[in-house]
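My notes follow the display.

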Amino acid sequence: MQNNVRRPRRAWSLLVALCFSITPSLADSATTEPTTMTHEQMISHLREANYVVKEWKSFGHHPFGAVLVAPDNQRVLMTQGNISVVRHAETELSRRAAETYPADYLAKCTLVTTFEPCVLCAGNIYFANIGKVVYGATEETLKELTGTSKVNPTMHLPCKQVFAAGQKSIQLNAKFAIYEPRVLKKRPSLDAYVPGRDWQSCKA
(Lines give C-alpha, C1' and ligand atoms only; values in the text may rest on other atoms or scores of the structure.)
Protein backbone atom coordinates (compact mmCIF):
# COMPACT_ATOMS: atom_id res chain seq x y z
CA MET A 1 0.00 0.00 0.00
CA GLN A 2 2.86 2.32 0.81
CA ASN A 3 4.42 1.74 -2.63
CA ASN A 4 1.14 2.67 -4.34
CA VAL A 5 1.18 6.05 -2.56
CA ARG A 6 4.74 6.86 -3.58
CA ARG A 7 4.41 6.01 -7.28
CA PRO A 8 2.15 8.96 -8.25
CA ARG A 9 4.45 11.36 -6.41
CA ARG A 10 7.47 10.00 -8.22
CA ALA A 11 5.70 10.17 -11.58
CA TRP A 12 4.73 13.78 -10.90
CA SER A 13 8.32 14.65 -9.98
CA LEU A 14 9.59 13.08 -13.19
CA LEU A 15 7.01 15.01 -15.24
CA VAL A 16 8.01 18.33 -13.67
CA ALA A 17 11.69 17.58 -14.24
CA LEU A 18 10.99 16.73 -17.87
CA CYS A 19 9.10 19.99 -18.43
CA PHE A 20 11.95 22.04 -17.03
CA SER A 21 14.51 20.11 -19.06
CA ILE A 22 12.83 20.84 -22.42
CA THR A 23 11.74 24.43 -21.69
CA PRO A 24 14.55 27.02 -21.79
CA SER A 25 14.48 29.28 -18.77
CA LEU A 26 14.47 33.07 -18.92
CA ALA A 27 17.75 33.07 -17.04
CA ASP A 28 19.34 30.95 -19.76
CA SER A 29 18.06 33.21 -22.54
CA ALA A 30 19.19 36.27 -20.62
CA THR A 31 22.79 35.08 -20.71
CA THR A 32 22.72 34.80 -24.49
CA GLU A 33 24.66 37.59 -26.17
CA PRO A 34 22.26 39.84 -28.12
CA THR A 35 22.73 40.15 -31.86
CA THR A 36 22.36 43.28 -33.94
CA MET A 37 18.88 43.76 -35.39
CA THR A 38 19.00 43.87 -39.16
CA HIS A 39 17.25 46.46 -41.28
CA GLU A 40 14.85 43.78 -42.51
CA GLN A 41 13.98 42.81 -38.94
CA MET A 42 13.37 46.44 -38.00
CA ILE A 43 10.95 46.88 -40.89
CA SER A 44 9.22 43.61 -40.01
CA HIS A 45 8.68 44.68 -36.40
CA LEU A 46 7.53 48.15 -37.48
CA ARG A 47 4.87 46.40 -39.52
CA GLU A 48 3.87 44.36 -36.48
CA ALA A 49 3.61 47.55 -34.44
CA ASN A 50 1.44 49.05 -37.15
CA TYR A 51 -0.88 46.03 -37.01
CA VAL A 52 -1.29 46.83 -33.31
CA VAL A 53 -2.13 50.42 -34.30
CA LYS A 54 -4.89 49.27 -36.62
CA GLU A 55 -6.40 46.90 -34.06
CA TRP A 56 -6.46 49.46 -31.25
CA LYS A 57 -7.68 52.23 -33.54
CA SER A 58 -10.64 50.04 -34.51
CA PHE A 59 -11.71 50.18 -30.85
CA GLY A 60 -11.51 53.97 -30.71
CA HIS A 61 -7.97 54.48 -29.42
CA HIS A 62 -5.42 56.88 -30.87
CA PRO A 63 -3.23 55.29 -33.57
CA PHE A 64 -0.04 54.40 -31.74
CA GLY A 65 1.46 50.95 -31.26
CA ALA A 66 4.60 49.30 -29.90
CA VAL A 67 6.10 45.84 -29.59
CA LEU A 68 8.82 44.48 -27.32
CA VAL A 69 11.30 42.22 -29.10
CA ALA A 70 13.47 39.60 -27.39
CA PRO A 71 17.30 39.67 -27.54
CA ASP A 72 17.22 37.29 -30.53
CA ASN A 73 15.60 40.18 -32.48
CA GLN A 74 12.87 37.86 -33.73
CA ARG A 75 10.46 36.87 -30.96
CA VAL A 76 7.85 39.43 -29.95
CA LEU A 77 7.40 39.33 -26.18
CA MET A 78 4.63 41.92 -25.80
CA THR A 79 2.44 44.25 -27.84
CA GLN A 80 0.65 47.39 -26.70
CA GLY A 81 -1.62 50.05 -28.15
CA ASN A 82 -2.43 53.54 -26.91
CA ILE A 83 -4.91 53.69 -24.00
CA SER A 84 -5.23 57.37 -23.13
CA VAL A 85 -3.43 60.71 -23.17
CA VAL A 86 -1.38 59.62 -20.14
CA ARG A 87 -1.19 55.89 -20.89
CA HIS A 88 0.73 55.77 -24.13
CA ALA A 89 1.64 52.55 -25.93
CA GLU A 90 5.33 52.77 -25.03
CA THR A 91 4.59 53.83 -21.46
CA GLU A 92 2.31 50.88 -20.80
CA LEU A 93 4.55 48.42 -22.61
CA SER A 94 7.67 49.45 -20.68
CA ARG A 95 5.77 49.33 -17.38
CA ARG A 96 4.45 45.83 -18.09
CA ALA A 97 7.89 44.71 -19.25
CA ALA A 98 9.53 45.97 -16.05
CA GLU A 99 6.99 44.04 -13.99
CA THR A 100 7.54 40.84 -15.99
CA TYR A 101 11.22 40.58 -16.92
CA PRO A 102 14.51 41.22 -15.06
CA ALA A 103 16.29 44.49 -15.78
CA ASP A 104 19.37 42.70 -17.14
CA TYR A 105 17.20 40.85 -19.65
CA LEU A 106 15.38 44.01 -20.77
CA ALA A 107 18.71 45.71 -21.38
CA LYS A 108 19.12 43.30 -24.30
CA CYS A 109 15.58 43.78 -25.64
CA THR A 110 14.29 46.26 -28.21
CA LEU A 111 11.16 48.38 -28.06
CA VAL A 112 9.86 49.02 -31.59
CA THR A 113 7.25 51.74 -32.01
CA THR A 114 5.53 53.46 -34.91
CA PHE A 115 6.33 56.97 -33.65
CA GLU A 116 9.25 58.42 -31.75
CA PRO A 117 8.69 58.06 -27.98
CA CYS A 118 7.63 61.30 -26.32
CA VAL A 119 9.24 62.57 -23.13
CA LEU A 120 6.73 60.59 -21.04
CA CYS A 121 7.45 57.36 -22.89
CA ALA A 122 11.20 57.90 -23.05
CA GLY A 123 11.33 58.28 -19.27
CA ASN A 124 9.47 55.00 -18.78
CA ILE A 125 11.68 53.19 -21.25
CA TYR A 126 14.76 54.50 -19.46
CA PHE A 127 13.65 53.40 -16.00
CA ALA A 128 12.38 50.04 -17.29
CA ASN A 129 15.97 49.48 -18.50
CA ILE A 130 14.98 48.59 -22.06
CA GLY A 131 18.27 48.80 -23.90
CA LYS A 132 17.29 49.54 -27.50
CA VAL A 133 14.61 51.55 -29.27
CA VAL A 134 13.54 51.56 -32.92
CA TYR A 135 10.92 54.02 -34.13
CA GLY A 136 9.36 54.84 -37.47
CA ALA A 137 8.29 58.47 -37.72
CA THR A 138 9.69 61.39 -35.74
CA GLU A 139 7.92 63.42 -33.08
CA GLU A 140 8.27 66.42 -35.39
CA THR A 141 6.22 64.60 -38.03
CA LEU A 142 3.62 63.73 -35.40
CA LYS A 143 3.36 67.38 -34.45
CA GLU A 144 2.73 68.25 -38.07
CA LEU A 145 -0.06 65.67 -38.16
CA THR A 146 -1.73 66.68 -34.89
CA GLY A 147 -1.15 70.44 -34.99
CA THR A 148 -2.51 72.11 -31.88
CA SER A 149 -4.68 69.13 -30.93
CA LYS A 150 -5.99 69.37 -27.36
CA VAL A 151 -6.28 65.59 -27.09
CA ASN A 152 -2.64 65.08 -28.07
CA PRO A 153 -0.60 68.24 -27.38
CA THR A 154 2.61 66.96 -28.94
CA MET A 155 5.83 68.35 -27.48
CA HIS A 156 9.05 69.07 -29.33
CA LEU A 157 11.66 67.20 -27.33
CA PRO A 158 13.49 64.40 -29.15
CA CYS A 159 13.83 61.21 -27.13
CA LYS A 160 17.59 61.18 -27.72
CA GLN A 161 17.81 64.31 -25.56
CA VAL A 162 15.85 62.62 -22.79
CA PHE A 163 18.08 59.54 -22.93
CA ALA A 164 21.23 61.68 -23.11
CA ALA A 165 20.28 63.26 -19.78
CA GLY A 166 20.40 59.84 -18.09
CA GLN A 167 23.21 57.80 -16.58
CA LYS A 168 23.10 54.87 -18.99
CA SER A 169 23.15 54.40 -22.73
CA ILE A 170 20.09 53.45 -24.76
CA GLN A 171 20.68 52.48 -28.37
CA LEU A 172 18.46 54.38 -30.81
CA ASN A 173 17.71 53.46 -34.39
CA ALA A 174 15.66 55.91 -36.40
CA LYS A 175 16.72 55.28 -39.99
CA PHE A 176 13.16 55.38 -41.19
CA ALA A 177 12.51 59.11 -41.45
CA ILE A 178 13.18 58.83 -45.20
CA TYR A 179 10.08 56.65 -45.48
CA GLU A 180 7.71 59.12 -43.85
CA PRO A 181 6.45 60.72 -47.08
CA ARG A 182 5.59 57.25 -48.38
CA VAL A 183 3.90 55.75 -45.33
CA LEU A 184 2.19 58.68 -43.63
CA LYS A 185 -0.89 60.46 -44.87
CA LYS A 186 -1.41 63.93 -43.47
CA ARG A 187 -4.86 64.70 -42.04
CA PRO A 188 -6.18 67.78 -40.24
CA SER A 189 -6.63 65.93 -36.93
CA LEU A 190 -5.14 63.00 -35.05
CA ASP A 191 -8.41 61.04 -35.02
CA ALA A 192 -8.48 61.08 -38.81
CA TYR A 193 -4.87 59.98 -39.18
CA VAL A 194 -4.55 56.71 -41.04
CA PRO A 195 -1.37 54.62 -40.65
CA GLY A 196 0.23 53.89 -43.97
CA ARG A 197 0.03 50.54 -45.68
CA ASP A 198 1.60 48.39 -42.98
CA TRP A 199 5.05 49.80 -43.82
CA GLN A 200 4.93 47.78 -47.04
CA SER A 201 6.55 50.66 -48.93
CA CYS A 202 9.62 50.41 -46.69
CA LYS A 203 12.19 48.47 -48.63
CA ALA A 204 15.27 47.01 -46.99
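**Ground rules.** I am working with a predicted model, where local features need pLDDT of at least 70, side-chain atom pairs count only at pLDDT 80 or more, and totals for chains, interfaces and linings use all residues. Residues are numbered from 1 along each chain as its sequence is written, and side-chain values use heavy atoms, with hydrogens and water left out.

**Whole chain.** I found nine helices and seven strands (DSSP runs numbered from the N terminus: helices are H or I, at least four residues; strands are E, at least two). The protein has 204 residues, and 44% of them count as buried (under 20% relative accessible area, 1.4 Å probe, protein chains only).

**Helix 4 and helix 6.** I looked up how residues 89–100 (helix 4) pack on residues 119–128 (helix 6): the angle is about 15 degrees and the axes are 8 Å apart. Axes here are lines fitted to C-alpha atoms over the stretch in contact, and angles run from 0 to 180 degrees between N-to-C directions. The pair is therefore roughly parallel (angles under 35 degrees). From helix 4, Glu-90, Thr-91, Ser-94 and Ala-98 meet Leu-120, Cys-121, Asn-124, Ile-125 and Ala-128 of helix 6 (contact means heavy atoms within 4.5 Å).

**Asn-129.** Is this residue buried or exposed? I found Asn-129 in the loop between helix 6 and strand 4 (132–137). Asn-129 is buried, at a relative accessible area of 18%. Leaving out residues up to four places away in sequence, Asn-129 touches Ala-103, Asp-104, Leu-106, Ala-107 and Lys-168.

Methods: Buried means under 20% relative accessible area, exposed over 50%, partly exposed in between (1.4 Å probe, protein chains only). Angles under 35 degrees count as roughly parallel, over 145 as roughly antiparallel, 65 to 115 as roughly perpendicular and the rest as oblique.
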